[in-house]
Amino acid sequence: MLGSAAVALLLRNLIHSALLLVASWAGVAAFYLWAGAEFVAFAQILVYVGAISMVVLFAVLLTRQGAEISRPVEADSRWRAFSAITVGACLAAVLGSAILSTKLPAATPAAPTLSVKDTGLELMNHHGAALLIVGLILTVALLGATVLAATDKPSKTEDAA
């Protein structure tokens, strides 16, 4: 999961990076299954592996520029990557020390038993409007990103003049 995400960050080909991101999301779903959260795992597969990955691939294909694939990595990008890794390591150290210094209770209370059907009904009955609003916000964000990333190509009439 983390390996495919790291390789997705390092690759210059956006299609390959998007496909590796799908593998990373599938790894997250496998983690949810391992943790016993079946509903969240299946939602992860349906939403991220199924829907969001298709949106990402369409966005990459619609805004793709072929010349950028062969362009070498600039020195500023390397500096930013080094800074990001440093900040990430510091954040991991802070989180790790916070987790290790936390006193956990010896006995945890029993988790409530809730079936996948009950969870789905709870989400769709009480939080259905919130889910629709989140879907609308994601759609608007994708459209905005596509508009910002798209470049104006000169038309043939401008080339001939």
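Me: Thanks! Which helix does S17 lie in?
Reply: S17 sits in helix α2, residues 14–35. Helices here are DSSP runs of H or I with at least four residues, strands are E runs of at least two, and both are numbered from the N terminus. Please keep in mind that this is a predicted model: local features need pLDDT of at least 70, side-chain atom pairs count only at pLDDT 80 or more, and totals for chains, interfaces and linings use all residues. Residues are numbered from 1 along each chain as its sequence is written, and side-chain values use heavy atoms, with hydrogens and water left out.

Me: Is S17 buried or exposed?
Reply: S17 is buried, because its relative accessible area is 11%. Buried means under 20%, exposed over 50%, and partly exposed in between, with a 1.4 Å probe and protein chains only.

Me: And what does S17 touch?
Reply: Leaving out residues up to four places away in sequence, S17 touches A8 and L11. A contact means heavy atoms within 4.5 Å.

Me: What about A18, buried or exposed?
Reply: A18, also found in helix α2, counts as buried because its relative accessibility is 7%.

Me: Which residues does A18 touch?
Reply: V56 and L57, again not counting residues up to four places away in sequence. A18 and V56 are 38 residues apart in sequence, yet their C-alpha atoms are 6.9 Å apart in space.

Me: Let's zoom out. How many helices and strands are there?
Reply: The chain has 7 helices and 0 strands. Of its 161 residues, 11% are buried.

Me: Switching topic: how much space lies in the second largest pocket?
Reply: About 520 Å³. Of the 16 residues lining that pocket, A43, V47, Y48, L131 and V134 are the closest to its centre. A pocket is an open set of points on a 1 Å grid over the protein atoms alone, where a 1.4 Å probe fits, with protein on both sides within 12 Å along at least five of seven lines; lining residues have an atom within 4 Å of a point.

Me: Which element gives the largest share of that lining?
Reply: That is α3, with 8 residues.

Me: Last one: which residues make the nonpolar surface patch of about 540 Å²?
Reply: M1, L2, F31 and W34 make that patch. M1 comes in the segment before α1 (2–10), and M1 counts as partly exposed because its relative accessibility is 43%. Patch residues have over 30% relative accessible area and no salt bridge, and nonpolar side chains (Val, Leu, Ile, Met, Phe, Trp, Tyr) are joined within 5 Å.

Definitions and conventions:
Patches are made of residues with over 30% relative accessible area and no salt bridge: like charges are joined within 9 Å, nonpolar side chains (Val, Leu, Ile, Met, Phe, Trp, Tyr) within 5 Å. Accessible areas come from the Shrake-Rupley method with a 1.4 Å probe; for residues, only the protein chains shown count as cover. A salt bridge is a side-chain nitrogen of Lys or Arg within 4 Å of a carboxyl oxygen of Asp or Glu. Grid points are joined across faces, edges and corners, and a volume is the space filled by probe spheres set on the points.
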